[in-house]
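Colleague: I would like to learn how to read a few features from a model. Can we go through them one at a time?

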Amino acid sequence: VQLVESGGGLVQPGGSLRLSCAASGFPFSSSAMSWARQAPGKGLEWVSGIYSDGSTFYPDSMKGRFTISRDNAKNTVYLEMNSLKPEDTAVYSCAIPRSRRRLDEYDYWGQGTQVTVSS
């Protein structure tokens with residue numbers, strides 16, 4: 001299993017970023033996927049999840065600003081982030097959830113990409 005994230009960087013408050021995660025080594029098109037983040041000194045926080053059929057799920061705190069999507073032909077999952085805030089600063093990782101019912105528990109996750117929101 002390999003999950004490789006890209007697209008992070010430094011962005012000003014209110015800005016946007018689109019993260020990508022290239023997946024390989026497992027049946028991506030039939031797998032649910034998640035994004036999670038870890039801020040300095042904090043635990044892993046679930047950001048969003050997507051089923052193989054494209055159904056999407058978010059914690060209430062992320063609804064409206066973050067959008068998860070996938071391209072099964074490219075074995076890639078995306079996270080579009082808008083109206084970014086300094087508290088969104090974290091390492092963002094894509095992950096394979098343990099089950100469809102627990103998108104916030106993971107069997108595998110990638111190294112992550114750093115997102116820094118600062119003026």
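Colleague: Is Cys94 buried or exposed?

Modeller: One caution before that: this is a predicted model. Burial is read from relative accessible area, and under 20% means buried. Cys94 has 0% relative accessibility, so it is buried.

Colleague: Which residue does a disulfide join to Cys94?

Modeller: Look for two cysteine sulfur atoms within 2.5 Å. Here Cys21 is the partner, with an S to S distance of 1.8 Å. Cys21 sits in strand E3 (residues 17-24) and Cys94 in strand E9 (residues 90-97), so the bond ties together parts 73 residues apart in sequence. Cys21 is buried too, because its relative accessibility is 0%. The disulfide count is one.

Colleague: Which polar partners does the Arg70 side chain have?

Modeller: Take two. The side chains of Arg70 and Asn72 make a polar contact of 2.8 Å. A polar atom of the Arg70 side chain also lies 3.1 Å from the backbone oxygen of Tyr51. Arg70 itself is in strand E7 (residues 66-71). Beyond four places in sequence, its contacts include Phe28, Met33, Ile50 and Tyr78.

Colleague: How many aromatic pairs are there?

Modeller: Three. To classify a pair, check the angle between the planes: over 60 degrees is edge-to-face, under 30 is stacked, and the rest are tilted. Tyr51 and Phe57 have ring centres 4.6 Å apart and planes at 50 degrees, so that pair is tilted. Tyr51 is buried, at 13% relative accessible area, while Phe57 is partly exposed, at 30%. Tyr106 and Trp109 have centres 6.4 Å apart and planes at 70 degrees, so they are edge-to-face. Tyr106 is buried at 8%; Trp109 is exposed at 51%.

Colleague: Why does Leu10 count as exposed?

Modeller: The cut-off for exposed is over 50%. Leu10 has a relative accessible area of 67%, so it counts as exposed. This residue lies in strand E2 (residues 9-11). Not counting residues up to four places away in sequence, Leu10 touches Thr116 and Ser118.

Definitions and conventions:
Residues are numbered from 1 along each chain as its sequence is written. This is a predicted model: local features need pLDDT of at least 70, side-chain atom pairs count only at pLDDT 80 or more; totals for chains, interfaces and linings use all residues. Side-chain values use heavy atoms; hydrogens and water are left out. Helices (H or I, at least four residues) and strands (E, at least two) are DSSP runs, numbered from the N terminus. Buried means under 20% relative accessible area, exposed over 50%, partly exposed in between (1.4 Å probe, protein chains only). Contact means heavy atoms within 4.5 Å. A polar contact is a pair of N or O atoms within 3.5 Å; within protein, one must be able to donate a hydrogen and the other to accept it, and residues adjacent in sequence count only if both atoms are side-chain atoms. Rings of Phe, Tyr and Trp (its six-membered ring) pair if their centres lie within 6.5 Å; planes under 30 degrees apart count as stacked, over 60 as edge-to-face and the rest as tilted.
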